[in-house]
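Please read the following walk-through with the sequence and the coordinates side by side. The account begins with the contact between the chains and then follows each chain in turn.

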Amino acid sequence: MQIKFEQFATASMLGSEDAPPRSNGELLFQNAWEGRAFGIAVALAKKGHYEWEDFRQELIASIAQWEASHCKDDPTWNYYQRWLLALERIAIATALLDEQELETRTSEILKQEKAEKFNSQLC
Amino acid sequence: MSDNIEREAYSAARIKALESLLIEKGIVSSTTVDEVIEFFEKDMGPFNGAKIVAKAWLDPEFKQRLLEDTTSAIAQMNFPRGIAGAEGEHMKAVENTPEVHNLIVCTLCSCYPWPVLGLPPYWFKDPTFRARAVREPRKVLKEFGLNIPESTEVYVWDTSAQTCWFVLPERPAGTDGWTEEQLAAIVTPESMQGAAKVEVPTKIS
């Protein structure tokens with residue numbers, strides 16, 4: 001099995017036709033939520049809620065945590081899921097958010113989306 | 001696969017929850033977040049690095065300054081300023097020559113010179129790449145389609161919060177008399193990471 005960056009090397013870097021869409025020559029975000037996670041982390045640092053270095057340390061820790069429990073070529077690797085975890089942790093550590101309210105809001109959103117999906121299937 | 005879809009849906013809901021709470025608390029506005037993303041899409045990207053490389057190829061004095069004091073050389077280019085404290089405050093350019101080939105990596109996470117290269121491609125963040133680039137750089141480069149002769153030394157630069165490295169690639173043959181703009185157009189982000197060489201396109205209109 002090819003690992004991710006090898007796929008990139010063979011498919012995209014060599015300029016094949018089916019290379020993914022790019023912005024500024026690089027694929028920016030595969031999914032919209034990744035862009036939001038990125039933008040929020042940078043915006044909070046910019047506003048002085050934490051030092052960028054502190055975010056970076058959280059990111060290093062969350063990546064290291066994944067790597068300690070997975071093979072390096074595990075296909076479930078998702079960089080922005082590690083980024084999101086780092087963001088949650090720093091937001092909670094700096095008291096911008098409470099863990100419980102984040103849990104509650106997440107389940108509300110998932111419940112709502114499930115209901116919307118169900119409703120749209122009825123139509 | 002369905003696990004993956006579920007994880008994606010969960011992550012999307014989680015970030016939506018996080019953002020909505022921060023907005024309600026007045027900590028961040030969605031406009032601020034939009035602006036950050038837009039800034040990275042429009043102002044920070046490999047097109048900045050390409051201009052630096054093209055200028056260095058044409059102007060030996062600029063090139064010397066770039067290699068000796070990268071930050072001050074870049075400051076004179078009038079690029080948009082970096083985002084408060086984020087990556088790119090301490091950048092250092094390293095030159096590829098027939099004797100030395102440089103490759104950049106961030107072994108711990110994904111530090112990258114944002115102002116000149118934009119955001120890193122996903123292979124740069126891949127755990128396998130990050131580990132193997134240090135252990136067997138020649139082999140990794142070969143998989144990228146780049147055969148580095150034994151006579152050329154390979155240096156791997158581990159980018160960090162202290163220093164974000166980027167590569168000044170070699171100017172390809174067949175570009176004599178080209179303008180700065182023409183040269184900048186052929187400089188790829190991969191070449192500034194050391195994962196490729198700059199090639200002259202075969203078809204020039």
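**The contact between chain A and chain B**

The contact is built from 56 residues of chain A and 51 residues of chain B. By residue class, the side of chain A that touches chain B divides into 30 nonpolar, 10 polar and 16 charged residues. The model described here is a predicted one, and every value in this account should be read with that in mind.

A residue of chain B shows what this contact looks like locally. Val36(B) is found in helix 2 (residues 30-42) of chain B, and, leaving aside its neighbours within four places in sequence, Val36(B) is in contact with Gly39(A), Val42(A) and Ala43(A). Is Val36(B) buried or exposed? Val36(B) counts as buried because 24 other C-beta atoms lie within 10 Å, where the cut-off for a buried residue is 20 or more.

Turning to chain A by itself, one finds 5 helices and 0 strands, so that, by the DSSP assignment of helices and strands, the elements run α-α-α-α-α from the N terminus on. Of the 123 residues in chain A, 34% are buried. Among the contacts in chain A with a separation of 6 or more, 53% are accounted for by residues 24 or more positions apart.

Helix 3 of chain A can be followed in some detail. This helix has 18 residues and reaches 26 Å from its first C-alpha to its last, which is close to the 26 Å expected at 1.5 Å a residue. Its buried residues are Phe55(A), Arg56(A), Glu58(A), Leu59(A), Ile60(A), Ser62(A) and Ile63(A), and the buried residues of helix 3 of chain A pack against helix 2 and helix 4 of chain A. As background to this pattern, an α-helix has 3.6 residues a turn, so residues three or four places apart point the same way.

The loop between helix 4 and helix 5 of chain A holds Ala95(A), which has a positive phi of about 60 degrees although it is not a glycine. Most residues other than glycine have a negative phi. Ala95(A) is classed as exposed because there are 8 other C-beta atoms within 10 Å, and the limit for an exposed residue is 12 or fewer.

The largest nonpolar core has 77 residues, of which Ala37(A), Ile40(A), Ala41(A), Trp83(A) and Leu87(A) touch the most other members. This core also draws at least three residues from each of domain 1 (2-41) and domain 2 (45-193) of chain B. Not counting residues up to four places away in sequence, Ala37(A) touches Tyr80(A), Trp83(A), Leu84(A) and Leu87(A), together with Ile15(B) from the other chain. In soluble globular proteins, nonpolar side chains tend to be buried together.

Chain B is divided into domain 1 (2-41) and domain 2 (45-193), and the C-alpha centres of these two domains of chain B lie 31 Å apart. The C-alpha atoms of chain B fill a box of roughly 55 × 40 × 40 Å along the principal axes, and chain B has 11 helices and 4 strands. Of its 205 residues, 43% count as buried, while 72% of the contacts in chain B between residues at least 6 apart in sequence join residues at least 24 apart.

The strands of chain B complete the picture. Strand 2 (residues 100-105) of chain B has 5 of its 6 residues buried, and 6 bridges join strand 2 to strand 3 (residues 153-158) of chain B, the two running parallel; within this pairing, Leu103(B) has Val156(B) as its bridge partner in strand 3. Strand 1 (residues 91-95) and strand 4 of chain B likewise pair in the parallel sense, over 5 bridges, with Trp165(B) in strand 4 as the bridge partner of Lys92(B). Strand 4 (residues 164-168) of chain B is mostly covered, with 5 of its 5 residues buried. From strand 4 of chain B, Cys164(B), Phe166(B) and Leu168(B) point one way, whereas Trp165(B) and Val167(B) point the other way. In a regular strand the side chains alternate between the two faces of the sheet.

Notes. Residues numbered from 1 in each chain as written. Chains lettered and ligands numbered in written order. Predicted model: local features only at pLDDT ≥ 70, side-chain atom pairs only at ≥ 80, totals over all residues. Contact = placed C-beta atoms within 7 Å. Nonpolar A, V, L, I, M, F, W, Y, C, P; charged D, E, K, R; others polar. Domains from an automatic or database assignment. Expected span 1.5 Å × (residues − 1). Core = buried A, V, L, I, M, F, W, Y, C linked by C-beta atoms within 7 Å. Pairing = 2+ DSSP bridges.
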